[in-house]
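Subject: Structure handover

Dear colleague,

Please find the structure below. My notes on it follow.

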Amino acid sequence: MSAPAFRLLPHFTLAFVGLFTIAFFIFAHEGLYDYDDYNYARYAHQLATGTFDLTPEPGHLDYTPLHQRLMVFGPVALFYKLLGVGIFTTTFWPLLCTFGTSLIFYLLYRQQHPVVASAAMLLLGLHYFTLNLSIYLYPDNVLMFFAADSAAALLYGRRPAQAHPVWWGLGFALLNFAASLSKETIVYYLPFYLSLLLLDLWHRRHGKFWLGALSTGAFLLVTYLFVYQAAAHDLLYRFHVIESVNEVRRVSNTSTGDIVARLTYMPLQLLIGTGLGVVLLLVLVAAIKSNRLSNDARFWLALAGSSLAFYWLGSTSLSYYNPNSLLPRMLTPLLPPLCLAAGFGVEYFARTGRGGWLLALGLLGCAAWLRSSISIVYGLLGGFFAFAAGLLSVGIVRRKMARFGPDTAFFAGATLSVVGLIMAIRPAYFMAKPSNSGYFAQQQLMQQELRWAAGGVVLMDNFSLHKCEIMYGFRVPDNLRFQHYAAYDTLRKVPSRPIWLLINRPVLSNDELIPQVITASAEQVLARFPRRKLHSQNNGVELYLLPN
């Protein structure tokens, strides 16, 4: 599948995925979401202003693993220095990493396996949670980028005809080090890496690559540990931080049924529920035909299987069993190998026309199991593969489709187009729906109405409280203070100091925050302040002046 017509597919796919990612970044952006991305932004500002402390003492607010993930907020600090503090400069780095991962797929296989490159870019680049994590300052897509890079370096560095294996080994070690400075879950790849190392040692091959990798890795690790020894008098400072947090969050597993569920069907439920059922089924198609696939395909299948097994069964603590959280963002390290392995499944279907019934039945089964909004995506994809498999099973039609059937650029392009358009439905919906945070409306109102006001105290919901600093570029006016609504009763009323009431209706009606974070509706809050006076409003965000 290397004809000129096939080679055009990755170019069009990369352009489409890139433009769609940028559109999602612009139209679906919700500002900061939670306390984590606020902290990363705060650390970036500290780094940019020279106030960052690498090793806070135990008990300090920043004695947390987030504080040690320098590759998450370090580049953001550079953007702050160059472009200033703002929500788009804060999240530009995750956006680059998101698109960069698709670019890796393009560079890897655009020539030898154009359908694989195109399918992998679509499956990863249009996956809703990949796009969603590109608009927040979270470490997951940053880790995904470096993890994909490191795996690609391992694959290329061990090729028999590789002219510079030592340099590839050095790059492999550097990329894994960068990944470890992004998030600790790069450890998902460790079993696979160790297995290849032991296999190569047994067969006495790729020695130059591993010499470069291990010597560079040892140098980086020793240097890293001695930095902490010098700064905190503790070689294992970072690991002690991780274990201390694990101890705080430790929950005894008293129910055997909960453990059994966690080790059996719950991870599968998460994968299918996040929309990755199509990826898993395509990986299954590739795995079934693995004896007919290339060494590259088997490489990505093995990495996908081992990292998925580590996530499914592994523990985040060495002292007790603490399974990985069943959250969509915890799956991002798994996406590069899973999507590339699935790409080989798409290539097999596009080349032979086989596997369509398996895909159709599996996808329709996912739709029936979930019975949620994402069932629409599964149902449409299942319907397409059923239609294609049905056409190809009719002999007369198959003969007439010689110019447009399997192993043609038309068939491959049609398959990729349908998969891409259907995958784009869910993120397109979130681009079009109203904001659920009112972030930009609140920022505009606060900057216009409160920056030059007579200062005072601003009462707001606790979800919005920690976003105020970045809305002012971490330069909050000295005469402004922000408090939760409940603080009104204890405030010292001073005539010269206004008391403002800020109501963010999108936040107060956000189902994701009720009732864990938001415990009162806008009407319930307003009922507590009957003597309020409306001062300004902007797209569901209202600012009132209260009597004092």
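Arginine 69 is placed in the loop between α2 (35-49) and α3 (70-83); helices here are DSSP runs of H or I with at least four residues, strands are runs of E with at least two, and both are numbered from the N terminus. This is a predicted model, in which local features need pLDDT of at least 70 and side-chain atom pairs count only at pLDDT 80 or more, while totals for chains, interfaces and linings use all residues. Residues are numbered from 1 along each chain as its sequence is written, and side-chain values use heavy atoms, with hydrogens and water left out.

Arginine 69 has a relative accessible area of 10% and is therefore buried (buried is under 20% relative accessible area, exposed over 50%, partly exposed in between, with a 1.4 Å probe and protein chains only). The side chain of arginine 69 makes a polar contact of 2.7 Å with the side chain of glutamate 184. A polar contact is a pair of N or O atoms within 3.5 Å; within protein, one must be able to donate a hydrogen and the other to accept it, and residues adjacent in sequence count only if both atoms are side-chain atoms. Leaving aside residues up to four places away in sequence, arginine 69 touches Tyr40, Pro139, Leu181, Ser182, Lys183, Glu184 and Arg238, where contact means heavy atoms within 4.5 Å.

Aspartate 200 is another buried charged residue to look at, with a relative accessible area of 1%. Aspartate 200 belongs to helix α9 (residues 190-203). With residues up to four places away in sequence again left out, aspartate 200 touches Arg158, Arg205, His206 and Trp210.

Helix α16 is largely enclosed by the rest of the structure, because 17 of its 18 residues are buried. Glycine 353 follows α16 and has a positive phi, near 80°.

Helix α17 (residues 356-370) has 15 residues and reaches 21 Å from its first C-alpha to its last, close to the expected 21 Å. Its buried residues are Gly356, Leu359, Ala360, Gly362, Leu363, Cys366 and Ala367. Their cover includes α13 (266-273), α14 (277-288), α16 (335-352) and α18 (375-393).

On to the aromatic residues. The structure holds 38 aromatic pairs; rings of Phe, Tyr and Trp (its six-membered ring) pair if their centres lie within 6.5 Å, and planes under 30 degrees apart count as stacked, over 60 as edge-to-face and the rest as tilted. Tryptophan 93 and phenylalanine 146 form a tilted pair, because their ring centres are 6.4 Å apart and their planes are at 55°. This pair links distant parts of the chain, with tryptophan 93 in helix α4 (residues 87-109) and phenylalanine 146 in helix α7 (residues 140-157), 53 residues apart. Tryptophan 93 is buried at 12% relative accessibility, and phenylalanine 146 is buried at 7%. The rings of phenylalanine 384 and phenylalanine 385 have centres 5.1 Å apart and planes at 65°, so this pair is edge-to-face. Phenylalanine 384 and phenylalanine 385 are both buried. Ring pairs also join Phe172, Tyr189, Phe192, Tyr193, Phe209, Trp210, Phe299 and Trp300 into a cluster.

Arginine 262 lies over the face of tyrosine 311, 5.7 Å from the ring centre, and the charged end of lysine 493 sits over the ring of tyrosine 488, 4.6 Å from its centre. The criterion is NZ of Lys or CZ of Arg within 6 Å of the ring centre and within 35 degrees of the ring normal.

Last, the strands. β1 (residues 456-460) is mostly covered, with five of its five residues buried. β1 pairs with β2 in the parallel sense over five bridges, and valine 457 stands opposite arginine 481 in β2. β1 and β3 also run parallel, joined by three bridges; valine 458 has tryptophan 500 in β3 as its bridge partner. Two strands pair if DSSP finds at least two bridges between them.

The loop between β2 (480-484) and β3 (499-504) holds threonine 490, which counts as exposed at 68% relative accessibility. A polar atom of the threonine 490 side chain lies 3.0 Å from the backbone oxygen of alanine 487.

Regards

Key: The expected span of a helix is 1.5 Å times one less than its number of residues.
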